[in-house]
Amino acid sequence: MRKLMRIEEDVWLSDIIRKKVFKLTFDSLSSSTKRNWQTTIAQHESEHSHAMYYTKISTEQVSLLYQLSKLGFYPVDVNVTFELECDRVTNLSPLKTKYTIKEIASGEEQQVVNIARTCFRYSRFHLDPAVNNEIADRIKSEWVFNYIRKQRGDRLFVASMEEKTVGFLAAIVSEKQGKKIGIIDLIGIDRQYQRQGIGQELSKFFRVYYQEDCNRLRVGTQVANIASQRLYQKVGFSLSQSQYVLHKHLN
């Protein structure tokens, strides 16, 4: 019998935040099961006095958002997903020659980690007032470090200008129902070089690199990050999904 709600530890985040972090996943809910999952959450919380919980739910699930808010969950972000069907691709303008984009090479690792640690402002952890910026920055730097260690993802691309690394794009490939999906897992631009078109060029490079081998391309960003949304639309992506991202902290 399939569970209607699952609570699973996010071990990777637990190690970084240094307290237990749990992800809630709702598979199917009805009014008759509401009391059951609320009881399950309350019982789980009683066993963990110092923990963080998070979940992502469709923006159509306003009733569930209301019920979770009564349990102490609060929205830190609305995540928006953009997709591109690879059989409907249109031509792109050529990549700008002043940027060199390629897979990461030996000696570039620390520059990329430094960018990841300093460039983000709109992630759900940076937007959560209960998470300090030092931890939020560490999450992003460790995320990209997993690519460098070959522990996550498919490819890590870097953008360079005059031999200086100015941005990166981490890509992952998943498969669902026999369809390959290329995903921009993380993209970051050095703060001194933001708003110069580097993110757009990295996104174009990703599209060209993966559109022949994948059925669909995907990227997610925050509703507060208007610049990123415009960027992905320029590259040919269309809005496909939106989700509330909710956090709860037990101290």
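Two residues are taken to be in contact when they have heavy atoms within 4.5 Å. The structure described here is a predicted model, in which local features need pLDDT of at least 70 and side-chain atom pairs count only at pLDDT 80 or more, while totals for chains, interfaces and linings use all residues. Residues are numbered from 1 along each chain as its sequence is written, and side-chain values use heavy atoms, with hydrogens and water left out.

The chain contains 8 helices and 10 strands, assigned as DSSP runs (helices H or I, at least four residues; strands E, at least two) and numbered from the N terminus. The C-alpha trace spans about 60 × 40 × 30 Å along its principal axes. Of contacts between residues at least 6 apart in sequence, 73% join residues at least 24 apart. The accessible surface amounts to about 13,700 Å², with 45% belonging to carbon and sulfur atoms (Shrake-Rupley method, 1.4 Å probe; for residues, only the protein chains shown count as cover). Buried residues account for 47% of the 251 residues, where buried means under 20% relative accessible area, exposed over 50%, and partly exposed in between (1.4 Å probe, protein chains only).

Asp10 is located in the loop between β1 (5-9) and α1 (11-17). Apart from neighbours within four places in sequence, Asp10 is in contact with Val21, Phe22 and Tyr54. Asp10 is buried but has no salt bridge, the nearest side chain of opposite charge being Arg124 at 5.3 Å. A salt bridge requires a side-chain nitrogen of Lys or Arg within 4 Å of a carboxyl oxygen of Asp or Glu; for charge, Lys and Arg count as positive and Asp and Glu as negative, with His and the chain ends not counted.

The structure has 0 disulfides, defined as pairs of cysteine sulfur atoms within 2.5 Å. For Cys86, the closest cysteine sulfur is that of Cys214, at 6.0 Å, which is too far for a bond. Cys86 is buried at 11% relative accessibility, and Cys119 is buried at 6%.

Most residues other than glycine have a negative phi. Lys150, in the loop between α6 (133-148) and β6 (155-161), has a positive phi near 65° and is exposed at 71% relative accessibility. Glu163, in the loop between β6 and β7 (164-176), has a positive phi near 70° and is exposed at 81%.
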